[in-house]
Amino acid sequence: MKTTIRLLALPALILPAILAGTPALAGTGTTAGTATPAAVTSIERKAGSSSQARAYWTAERMAAATPADEVEKAAGPVTQSPTAERVRRFAEAVAPKDGSGFGTQLNESITVGKIFYTSSTDGLGHYCSASVVNSPARNMVFTAAHCVHDGPGRDWHTANWMFVPSYRNGAQPYGTWDWSTLAVPSGWISTRERQYDVAVALVYGSRSIVDAVGANGLLTGGGRAYHYDIFGYPSNKDSGEIQWVCSGTSRDAGSNRIEMNCGFGGGSSGGPWYYSYDNTTRRGDVHGVMSYSSGSNTNGSPYFSAAVVGTLYNTYANDTW
């Protein structure tokens with residue numbers, strides 16, 4: 001395995017102006033923010049190396065895994081959030097390649113699933129939530145940074161890391177996917193500030209994850225007050241064994257974060273904040289990820305900026321195993 005640091009400029013050609021159906025800038029007199037690319041740090045597995053994750057995660061171990069709780073808002077004092085950026089679309093949602101339906105699925109998204117891993121910090125089994133995002137390489141999963149790396153002075157959670165889309169009470173209807181690359185903003189590793197609590201995992205399995213379950217779109221920018229549908233596996237709802245959805249309106253939380261009254265507990269970390277979720281296709285545009293809980297009812301996400309999230313996406317959108 002090797003750890004790398006990359007910095008990639010944001011090509012203007014793939015960042016169209018505000019699209020129909022995407023969020024507009026909130027407030028009057030708001031101008032587009034500049035998107036200076038942020039550094040990205042990743043760890044990459046050697047091509048072709050094997051993993052024991054699937055064999056390791058027996059039904060008993062999955063049931064015993066505990067949620068990756070995050071309760072702090074930030075490592076430092078809360079600061080005023082930067083000016084809102086114009087909306088940028090990085091990916092369009094797509095259906096599965098084979099046209100798979102939902103069968104007897106309840107109102108759940110098959111693009112959303114559960115991550116299992118053995119923590120590099122405490123050596124215990126934990127779980128998070130995640131969602132598939134479309135990319136040219138068709139292998140990208142979005143989650144929270146703390147689900148792949150534990151921050152300053154700590155390490156990557158590579159041991160037994162596995163993604164299970166549409167997980168439900170131990171069932172793995174679409175199989176499992178291992179990681180080939182885990183990537184986070186360098187700001188997460190140096191500061192652990194929640195504005196950087198977003199990660200990309202490139203995954204591999206018997207086929208492309210996008211071919212198997214489809215994928216969501218990806219948006220950055222816009223204001224900080226929107227209606228969101230948040231999906232995930234909160235530990236305080238059915239013990240994290242079933243997907244739950246929380247809908248509501250977000251607000252600015254300072255330090256380039258947004259918050260919403262949702263009441264999701266640990267385990268929902270990394271779950272998508274959908275700006276435009278389609279209840280028919282059960283896909284949408286990811287515009288945030290669950291980062292933390294605060295108090296009895298509040299949950300937070302990083303504000304999805306082009307500088308951080310757009311750079312993270314562009315750096316790995318074309319990477320293959």
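## Residue V210

V210 belongs to helix α4, which spans residues 209-213; helices are DSSP runs of H or I with at least four residues, numbered from the N terminus. The model is predicted: local features need pLDDT of at least 70, side-chain atom pairs count only at pLDDT 80 or more, and totals for chains, interfaces and linings use all residues. Residues are numbered from 1 along each chain as its sequence is written, and side-chain values use heavy atoms, with hydrogens and water left out.

The relative accessible area of V210 is 0%, so the residue is buried (under 20% relative accessible area, 1.4 Å probe, protein chains only). Beyond its neighbours within four places in sequence, V210 is in contact (heavy atoms within 4.5 Å) with V94, A95, P96, K97, V132, N134, R138, N139 and A215. V210 and N139 are 71 residues apart along the chain, and their C-alpha atoms are separated by 6.4 Å.

## Pockets

A pocket is an open set of points on a 1 Å grid over the protein atoms alone, where a 1.4 Å probe fits, with protein on both sides within 12 Å along at least five of seven lines; lining residues have an atom within 4 Å of a point. The largest pocket has a volume of about 240 Å³. Its lining comprises 13 residues, with R54, T176, W177, G205 and S206 the closest to its centre.

The second largest pocket has a volume of about 150 Å³. Of the 14 residues that line this second largest pocket, E70, Y117, S119, H126 and D150 lie nearest its centre.

Note on methods
Helix = DSSP H or I, 4+ residues; strand = E, 2+ residues; numbered from the N terminus. Buried < 20%, exposed > 50% of the residue type's maximum accessible area, 1.4 Å probe, protein only. Points joined across faces, edges and corners; volume = space filled by probe spheres on them.
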